[in-house]
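This briefing sets out the architecture of a two-chain model for a computational reader.

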Amino acid sequence: MINPNIHKLNKAFENRVRLGIMSVLMVNDSVDFNTLKDLLQITDGNLASHSAALEKEGFLHIKKEFVGKKTLTTYSATKTGIKAFEEHLDALEKLIKKLD
Amino acid sequence: MVEKDQLDALKDIRSMMKQSSKFLSLSGLSGVFAGIYALVGAYLGNCFINDFIQTGEYLEGYTSQYFQLLIKLLVVCIGVLVLSIVSAFYFSNRKAKKLGQKLFDYTTLRLFINMFIPLLAGGLFCLAMLLHGGHFVLLVGPCMLIFYGLALVNGSKYTLHDIRYLGILEIVLGLIAVFYLGYGIIFWSIGFGVLHILYGIYMWFKYDKQL
């Protein structure tokens, strides 16, 4: 039988990288591109595409600004994102409790 | 298997949340060494103070001998502080390498800033009391303990949580010391020496031994 909680999992967070990005942003107000890249140990392109996907969903906010000649990209979770991620975690937890 | 994937996902989330918000490379050994330096420092300081008391100018305030003592004590304090920080970086760097993390990232900076605020306030406060001289001097030891404890409690949010209890112990010790003035150096030795060594050993067994 399929556990009904499976349907409550959010498709947007199924990917490991997106899960990682949201996890970091849940406990940090804002994180810059390089820090996030180092933490998750992924490539520039990988981070850029997954963060763009999450931004499209309205789950995170991407801010670009100039520091001297370099662009500094910082990420922060939106209220919608935090709520969606919490619901996703709840569903995950319920799924795993069923296993015991 | 779907369930296995979900379990892995949860583990990932948990470790990412912890790793991205806390400085986890703090080594127990740095506590042990800081404690040893503090005990040596307390011994030296005690010798200087005894020499000074024998000159009979105790509690008279601004005399040249008082300033000489101040400078000696300040040198000892700075020596203990510098050696402790150097050891902390050395042992934490070793631990960071074993954990595969960087010693200096934004978690280090955040821990540093949050500990620095109470420490700087306490340091300046103690310096002012030393300059006022007289009975104020007796409050310096307890105040150092209290402000250091506050710094640890404040910093504990950004590193291993156990530091919080060490901070509370330091504050309690400092508050007891305020009521037993004149035993400042004993409380100081317990707080900065003995507690650091015991806590360092405890932390080492809890976190570092298996690395």
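At what angle do H1(A) and H2(A) pack, and how far apart are their axes? The two helices pack at an angle of about 120 degrees, with their axes 10 Å apart. Here axes are lines fitted to C-alpha atoms, for helices over the stretch in contact, and angles run from 0 to 180 degrees between N-to-C directions. The model is predicted; local features need pLDDT of at least 70, side-chain atom pairs count only at pLDDT 80 or more, and totals for chains, interfaces and linings use all residues. Residues are numbered from 1 along each chain as its sequence is written, while chains are lettered from A and ligands numbered from 1 in the order in which they are written.

**Overall composition**

- Chain A has four helices and three strands, where helices (H or I, at least four residues) and strands (E, at least two) are DSSP runs numbered from the N terminus.
- The elements of chain A follow the order α-β-α-α-β-β-α from the N terminus on.
- The C-alpha trace of chain A spans about 55 × 25 × 20 Å along its principal axes.
- Chain B, by contrast, has seven helices and zero strands, and its elements run α-α-α-α-α-α-α from the N terminus on.
- A box of roughly 80 × 25 × 25 Å, taken along the principal axes, holds the C-alpha atoms of chain B.

**Burial and contact range**

- Of the 100 residues in chain A, 29% are buried; a residue is buried if 20 or more other C-beta atoms lie within 10 Å of its own, exposed if 12 or fewer, and partly exposed in between, with C-beta atoms placed from the backbone.
- In chain B, 34% of the 211 residues count as buried.
- Among contacts in chain A between residues at least 6 apart in sequence, 58% join residues at least 24 apart; two residues are in contact if their C-beta atoms, placed from the backbone, lie within 7 Å.
- For chain B, among contacts between residues at least 6 apart in sequence, 74% join residues at least 24 apart.

**The sheet of chain A**

- Three strands form an open sheet in the order E1-E3-E2 (chain A), with antiparallel pairing; two strands pair if DSSP finds at least two bridges between them.
- Strand E1 (31-32) and E2 of chain A are the edge strands, each pairing on one side only.
- E1(A) is joined to E3(A) by two bridges, and these strands run antiparallel; Asp32(A) stands opposite Thr74(A) in E3(A).
- H1(A) packs on the sheet and touches E1, E2 and E3 of chain A, its direction making about 80 degrees with that of E3(A).
- Strand E2 (residues 60-67) and strand E3 (residues 70-77) of chain A pair in the antiparallel sense over eight bridges, and Lys64(A) has Thr73(A) in E3(A) as its bridge partner.
- The hairpin of E2(A) and E3(A) has two residues between the strands, and in this hairpin Gly68(A) takes a positive phi near 65 degrees.

**Helix packing in chain A**

- H1(A) and H2(A) are oblique to each other; angles under 35 degrees count as roughly parallel, over 145 as roughly antiparallel, 65 to 115 as roughly perpendicular and the rest as oblique.
- Val17(A), Gly20(A), Ile21(A) and Val24(A) in H1(A) meet Leu36(A), Leu39(A) and Leu40(A) in H2(A).
- By class, the contact of H1(A) with H2(A) has six nonpolar, one polar and no charged residues; Ala, Val, Leu, Ile, Met, Phe, Trp, Tyr, Cys and Pro count as nonpolar, Asp, Glu, Lys and Arg as charged, and the others, Gly among them, as polar.
- The axes of helix H1 (residues 16-27) and helix H3 (residues 44-56) of chain A come within 10 Å and cross at roughly 75 degrees, which makes H1(A) roughly perpendicular to H3(A).
- Val17(A), Arg18(A) and Ile21(A) of H1(A) make this contact with residues of H3(A) including His50(A) and Leu54(A).
- The residues of the contact of H1(A) with H3(A) comprise four nonpolar, three polar and one charged.

**The interface of chains A and B**

- 15 residues of chain A are in contact with 14 residues of chain B.
- On the side of chain A that touches chain B, H1, helix H2 (33-40) and helix H4 (79-99) of chain A each supply at least two residues, and H1(A) gives the most, with seven residues.
- That side of chain A divides into 10 nonpolar, four polar and one charged residues.

**A position in chain B**

- Leu70(B) is found in helix H3 (residues 64-99) of chain B and counts as partly exposed, with 17 C-beta neighbours inside 10 Å.
- The C-alpha atoms of Leu70(B) and Thr159(B), 89 residues apart along the chain, are separated by 34 Å.
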